Amino acid sequence: MSSNLYSFSSDTLSELKKFRFESARVNKPQALIYLIDKESNEIKKQEVEESIDSLESLVEELPDNNPRYILLSYPIKTSDGRLQSPLVMLYWIPPTTNQANRMLYAGAVEQFRDKAGVSKLIKVEDEDDFEDIEEQLV
């Protein structure tokens, strides 16, 4: 897809960069949720009530029938005892999503992944899938 279909404001790009660097030094899960504004095709941060610091609080913020992109920093201990905070992109696409929204979000996945600077992408289609996230990070 053409990279001109979706846009990122300078604020969004700054948020992504700031999160990427600051989340590496935190020892609890952190996440930012992004949506596509259908009017402008701009990818922007979803406002949340409280900061997301667990997978449970992340799941509570996700809509039941619309996709979202999630930037997740999830601290894990390696087998040799070191603490790492991999930065991954979760692609939330619930089964009740209509076809138009599936197409809209599918078209921007790689562009968002590139702008966020993450190498790992995990597709999440059901709330139960969040139970296996930690295993997919190792």
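Where in the chain is asparagine 41 found? Asparagine 41 sits in the loop between S2 and strand S3 (42–45); helices (H or I, at least four residues) and strands (E, at least two) are DSSP runs, numbered from the N terminus. This is a predicted model, in which local features need pLDDT of at least 70 and side-chain atom pairs count only at pLDDT 80 or more, while totals for chains, interfaces and linings use all residues. Residues are numbered from 1 along each chain as its sequence is written, and side-chain values use heavy atoms, with hydrogens and water left out.

**Asparagine 41 and the annotated span**

- Asparagine 41 is not a glycine, yet has a positive phi of about 60 degrees.
- With a relative accessible area of 24%, asparagine 41 is partly exposed; buried means under 20% relative accessible area, exposed over 50%, and partly exposed in between (1.4 Å probe, protein chains only).
- An unreviewed UniProt entry lists residues 38–65 as "coiled-coil region"; such positions are given in the numbering used here, feature names are shortened, and annotations may be inferred rather than shown by experiment.
- In the model, residues 38–65 are 25% helix and 14% strand, and the end C-alpha atoms of the span lie 15 Å apart.

**Helices H1 and H4**

- Helix H1 (residues 10–22) packs with helix H4 (residues 109–116) at an angle of about 55 degrees, and their axes are 9 Å apart. That makes H1 oblique to H4.
- Axes are lines fitted to C-alpha atoms, for helices over the stretch in contact, with angles running from 0 to 180 degrees between N-to-C directions. Angles under 35 degrees count as roughly parallel, over 145 as roughly antiparallel, 65 to 115 as roughly perpendicular and the rest as oblique.
- From H1, Leu13, Leu16 and Arg20 meet Phe112, Lys115 and Ala116 of H4, where contact means heavy atoms within 4.5 Å.
- The residues of this contact are four nonpolar, no polar and two charged; Ala, Val, Leu, Ile, Met, Phe, Trp, Tyr, Cys and Pro count as nonpolar, Asp, Glu, Lys and Arg as charged, and the others, Gly among them, as polar.
- Buried residues in H4 are Val109, Gln111, Phe112, Arg113 and Ala116.
- Glutamine 111 has 14% relative accessibility and so counts as buried; its C-alpha atom is 8.1 Å from that of tyrosine 6, 105 residues apart in sequence.
- Glycine 117 follows H4 and has a positive phi, near 75 degrees.

**Nonpolar cores**

- The largest nonpolar core has 22 residues, of which Tyr34, Ile36, Ile43, Tyr69, Leu71, Tyr105 and Phe112 touch the most other members. A nonpolar core is a set of buried Ala, Val, Leu, Ile, Met, Phe, Trp, Tyr and Cys residues joined through side-chain atoms within 4.5 Å.
- Two or more residues of this core come from each of H1, strand S2 (30–37), strand S4 (68–73), strand S7 (87–92), helix H3 (99–106) and H4. S2 gives the most, with four residues.
- Another core, of 19 residues, lies apart from it and includes Val59, Ile122, Val124 and Ile133.

**Proline 75 and serine 85**

- Proline 75 is in the loop between S4 and strand S5 (76–77), and counts as buried at 13% relative accessibility.
- Serine 85 is in the loop between strand S6 (83–84) and S7, and counts as buried at 19% relative accessibility.
- Leaving aside neighbours within four places in sequence, the contacts of proline 75 include Val26, Leu83 and Ser85.
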